[in-house]
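Open the model in a viewer and keep the selection panel at hand. The stops below are taken in order.

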Amino acid sequence: MRPFDYHRAADPRAAVAAVARRPEARFLAGGTNLIDLMRLGVEAPELLVDVSRLGGGRIAETEAGGLLIGASVRNSELAADHRVRDDYPVLAQALLNGASGQLRNLATVAGNLLQRTRCLYFQDVTKPCNKRSPGSGCPAIEGEHANLAIFGHSEHCVATHPSDMAVAMVALDATVHLEGPSGPRTTPLIGFHRLPGDAPDRDTVLHHGELITAVELPPLAAARRSLYRKARERRSFAFALVSVAAALELDRGEVRDARVALGGVAHVPWRATRAEEMLRGGPLTEERAHAAAEAELAHATPLRDNAYKVPLAHRLIVRTLLDVAERP
Amino acid sequence: MSAPPPVHAEVTLTVNGLRHSLVLDTRTSLLDLLRERLDLTGSKKGCDHGQCGACTILIDGRRANACLALAVAHDGARIETVEGLAGEDGELHALQSAFIEHDAFQCGYCTPGQLCSAVAMLEEIQRGWPSAVTGEDPVAPTRAEIRERMSGNLCRCGAYVNIVEAIADVAEMP
């Protein structure tokens, strides 16, 4: 591992200034992904600016009736929060289905959004990878891609975003609060992560030096009736093959609002808007759940070895929607 | 291009009740600090990537992977390791006794991490923290809960059945 300077910032603006002026500086929060990538040689920062003690560890209720989650709230604390468990159960479940108890105690909300793909080629510095080393090529397209993308990939990158938490948050219309060299701004979580296109090295729309300070959840009627379900190669402590976050607002049996997002299928947490459109304005029947899944998955473009994800996602969407509809 | 020189920083930690101030290379993980500088070799280096749990320690009372925690980032923390579980008179922690009683290990390499993880995991249940298998009812230490919550600790000898029984014994499950 390359030697690095370590600096503990006094406040978010100082942290931003410290990182912005050095291209090879990185923010450090829980470190569960960054330290690992440094050990692998994927990341080699010359400066770490520690932002884990900047006072972003609180969860506050907003005037609008939602929640403002500080960037450094630990994944375990967010999952245990009663407001999250009662009003946004899909988010608590997504968090608890990710990583292990030990990792959730270290990992932060902001770090979870910014974690990098677990694509084998990205993590192996002896292999080409357009995300790690732009222009070097993508061996995954012809190689090991059984757990990579079926939506939105490009000829340059077929990686998936590994987060469970982000899948729930994207279904909940979360907003990301940022501090940057030119001041604070907010941006919707939908669109925060980028499709790879011809610049897969850029995971998100963040500019160098921009710091996530909080994630805001709006009040959402559908959120109380929500579930997260995850298919993986073992029962616990594994990344998703496919996951589904689903939320429904029902009014006398009719779907007034539907939220469906998929994990493990794209370079971004994938909001299944085509499925949502099919669900609104009618009863939640098994037939209509199938039609919604079909509407989304008709647009999948699986690779040689990951076509299994299409029927897997279809069944997971249908099962999760039917189970959500049965919740009180 | 020659490699840049190591950077050093002073770190103060309380480990199993003893205060230590050390000057460290900023790259030092808590795991390497414990094992290489303080001769506390109970915490084990399995994968060094946060995937096996053999290095599990308690940081300010919460279980964490020591391999992924930079020592400089935890300046001032209170650390507990497997060496701190037994009483000062040498009396074993209830979980240590239960692991022996239930033959909850074979080679023993993962055991320190299993023990530290289990200590904190039972406290998390007492605090009411949910897991992925927790239903609508209040959290109870069922065997399903123990298996789910201990999934961050791998045992390549496959002693899981007895590990669950040892923890269930301490949690006073029938």
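This is a predicted model: local features need pLDDT of at least 70, side-chain atom pairs count only at pLDDT 80 or more; totals for chains, interfaces and linings use all residues.

Residues are numbered from 1 along each chain as its sequence is written, chains are lettered from A and ligands numbered from 1 in the order in which they are written, and side-chain values use heavy atoms, with hydrogens and water left out.

**Stop 1: the interface**

Select the residues in contact (heavy atoms within 4.5 Å): 35 residues come from chain A and 38 residues from chain B. About 3,100 Å² is buried between chain A and chain B, 54% of it from carbon and sulfur atoms; buried area is the accessible area (1.4 Å probe) that two parts lose on being put together, summed over both.

Next, show R62(B) and E77(A), which form a salt bridge with the closest N and O atoms 2.9 Å apart. The count between the two chains is 2 salt bridges (a side-chain nitrogen of Lys or Arg within 4 Å of a carboxyl oxygen of Asp or Glu).

Colour the elements of chain A that give two or more residues to the side touching chain B: β1 (5-8), α2 (34-40), β3 (47-50), α3 (75-80) and α6 (101-106). Helices (H or I, at least four residues) and strands (E, at least two) are DSSP runs, numbered from the N terminus. The largest share, 5 residues, comes from α6(A).

**Stop 2: a sheet in chain A**

Select β9, β10, β11 and β12 of chain A, which form an open antiparallel sheet in that order; strands pair if DSSP finds at least two bridges between them. β9 (226-231) and β12 (270-271) of chain A are at the edges with a single partner strand each, so one side of each has no neighbour in the sheet. Strands β10 (242-251) and β11 (254-263) of chain A pair over 9 bridges, and L248(A) has A258(A) as its bridge partner in β11(A).

**Stop 3: a sheet in chain B**

Move to the mixed open sheet of 5 strands in chain B, ordered β2-β1-β5-β3-β4. Zoom to E10(B), whose bridge partner in β2(B) is V23(B).
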